[in-house]
Amino acid sequence: MPQDFRFIDLKVNDAYTNMAVDEAITKARGEGRTPDTLRLYMWRPSAVTLGYFQSVEDEVNIEALERFGFNLNRRISGGGAVLNSEKGEITYSVILREDDPRVSTDPVESYHLLCQGIIEALALLGVKADFKPINDIVVAGKKISGNAQIRRYGAVLHHGTLLVDFDAREMFGVLKISKEKLSDKMIQQAEDRVTTIRRLLGRQVGFLEVRAALEEGYRKALDANLIRGMLTPYEEELVKQFRTRYESRDWIYRR
Amino acid sequence: MLKKFEYKVPGGKLLRAKLETTEGRISFIQFTGDFFMDPETDLEELEARLRETPAEPDSMGSVVMGFFSEKRTVIAGACATDFVYVINQALKA
């Protein structure tokens with residue numbers, strides 16, 4: 001029987017608010033003060049988010065980041081640096097209680113389960129995608145989605161990004177993927193390792209079409225009865241608190 | 001002088017160790033990378049435990065292995081022996 005899930009529909013925020021919202025829902029869910037939640041969101045301005053254990057100096061070309069006018073932030077989850085582009089991707093989060101019987105204690109199984117909504121969404125769009133352990137979704141071997149999970153406050157936060165479009169100059173301008181100087185040849189090699197919905201379908205797929213596929217994909221994958229909702233006043237209060245931390249230099253540059 | 005070693009775990013994630021030694025002991029150590037750890041606060045605790053440890057492979061290795069087995073830390077994309085490996089390689093750098 002389908003289980004109720006709150007669905008927070010696509011909204012655009014800056015990086016600090018986006019990460020604060022994910023953490024606020026996670027805390028409230030762990031405390032039993034909010035329901036299981038699926039949230040879709042986008043970023044403006046574009047931002048690089050680092051994994052919790054990454055260092056700014058190893059991963060980010062600050063000069064390019066400032067030139068593009070992008071934000072920089074650090075997630076509470078591990079994993080790699082991501083360019084959350086306002087033009088090219090949709091981000092999603094799924095928040096469940098940590099003791100939810102659907103969530104395995106094994107990290108890879110847990111990723112597999114919570115990535116399934118993306119695989120279903122891509123299938124609805126006509127793209128056959130596969131889960132690639134530990135935390136990626138690939139199409140014919142090329143990455144289209146990266147995911148990260150954290151267990152905190154008694155809840156599991158699974159968040160990730162789905163590439164709709166891709167600007168190699170931006171992505172490899174701001175992310176340090178090699179000590180070598182950025183060259184066209186390198187962009188080509190890196191570009192060959194990722195793909196996007198627009199590239200695969202050969203048309204200008206709109207964000208609303210992808211949004212609808214994600215909603216339906218997660219509904220199927222989680223056997224969920226999605227109920228449109230918004231943040232509770234308690235979560236809004238937490239967002240304000242957490243946002244202050246996310247935009248602090250101490251947090252961003254902690255490694 | 002900061003010593004650094006970077007290692008892509010086969011089938012896993014990137015793991016780096018950065019360390020400094022003073023009079024034969026670790027004065028600074030930091031691990032970075034795109035691995036996952038639960039709870040994530042264990043990494044800072046491990047770094048704290050390694051500070052002041054004699055900067056030689058046996059001492060460092062036993063601290064790391066003892067720490068992860070005691071804490072039962074869940075690591076994805078790397079394992080305890082990978083942490084020992086990057087420390088040893090950074091010490092040689």
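Which strand is joined to β3(B) by eight bridges? Strand β2 (residues 14-22) of chain B is, and the two run antiparallel. The points below take the two chains in turn, then their contact.

1. **Basis.** This is a predicted model, in which local features need pLDDT of at least 70 and side-chain atom pairs count only at pLDDT 80 or more, while totals for chains, interfaces and linings use all residues. Residues are numbered from 1 along each chain as its sequence is written, and chains are lettered from A and ligands numbered from 1 in the order in which they are written. Helices (H or I, at least four residues) and strands (E, at least two) are DSSP runs, numbered from the N terminus.

2. **Chain A overall.** Chain A has ten helices and eleven strands. Along the principal axes, the C-alpha atoms of chain A fill a box of roughly 50 × 45 × 30 Å.

3. Of the 255 residues in chain A, 49% are buried. Buried means that 20 or more other C-beta atoms lie within 10 Å of the residue's own; with 12 or fewer it is exposed, and in between partly exposed, the C-beta atoms being placed from the backbone. Two residues are in contact if their C-beta atoms, placed from the backbone, lie within 7 Å. Among contacts in chain A with a separation of 6 or more, 78% link residues 24 or more positions apart.

4. **The sheet of chain A.** An open sheet of eight strands runs in the order β7-β8-β9-β10-β6-β2-β1-β11 (chain A), with mixed pairing. Strands pair if DSSP finds at least two bridges between them. The edges are β7 (130-132) and β11 (224-228) of chain A; each has a single partner strand, so one side of each is left without a neighbour in the sheet. Neighbouring strands are turned by 25 degrees against each other on average, direction ignored. Helix α8 (residues 207-221) of chain A packs on this sheet, where it touches β1, β2, β6 (89-97), β10 (155-163) and β11 of chain A. The direction of α8 makes about 25 degrees with that of β6(A). Axes are lines fitted to C-alpha atoms, for helices over the stretch in contact, and angles run from 0 to 180 degrees between N-to-C directions.

5. **β1, β2 and Y41 in chain A.** Strand β1 (residues 3-13) of chain A pairs with β2(A) in the parallel sense, over six bridges. V12(A) has M42(A) as its bridge partner in β2(A). Y41(A) lies in strand β2 (residues 37-43) of chain A. Y41(A) counts as buried because it has 20 C-beta neighbours inside 10 Å. Beyond its neighbours within four places in sequence, Y41(A) contacts L10(A), K11(A), N13(A), N18(A) and T91(A).

6. Three strands form an open antiparallel sheet, ordered β1-β2-β3 (chain B). β1 (3-8) and β3 of chain B are the edge strands, each pairing on one side only. The twist from one strand to the next averages 15 degrees. Helix α3 (residues 80-92) of chain B packs on the sheet and touches β1, β2 and β3 of chain B. Its direction makes about 140 degrees with that of β1(B).

7. β1(B) and β2(B) pair over six bridges, antiparallel. K4(B) has K18(B) as its bridge partner in β2(B). The hairpin of these strands has five residues between them, and there G11(B) takes a positive phi near 70 degrees. In β3(B), F31(B) stands opposite A17(B), and R25(B) stands opposite T22(B). The hairpin of β2(B) and β3(B) has two residues between the strands; E23(B) takes a positive phi near 50 degrees.

8. **The contact of the chains.** Chain A and chain B each give 15 residues to the contact. On the side of chain B, β3 (25-33), β4 (36-38) and β5 (74-76) each give two or more residues. The largest share, four residues, comes from β3(B).
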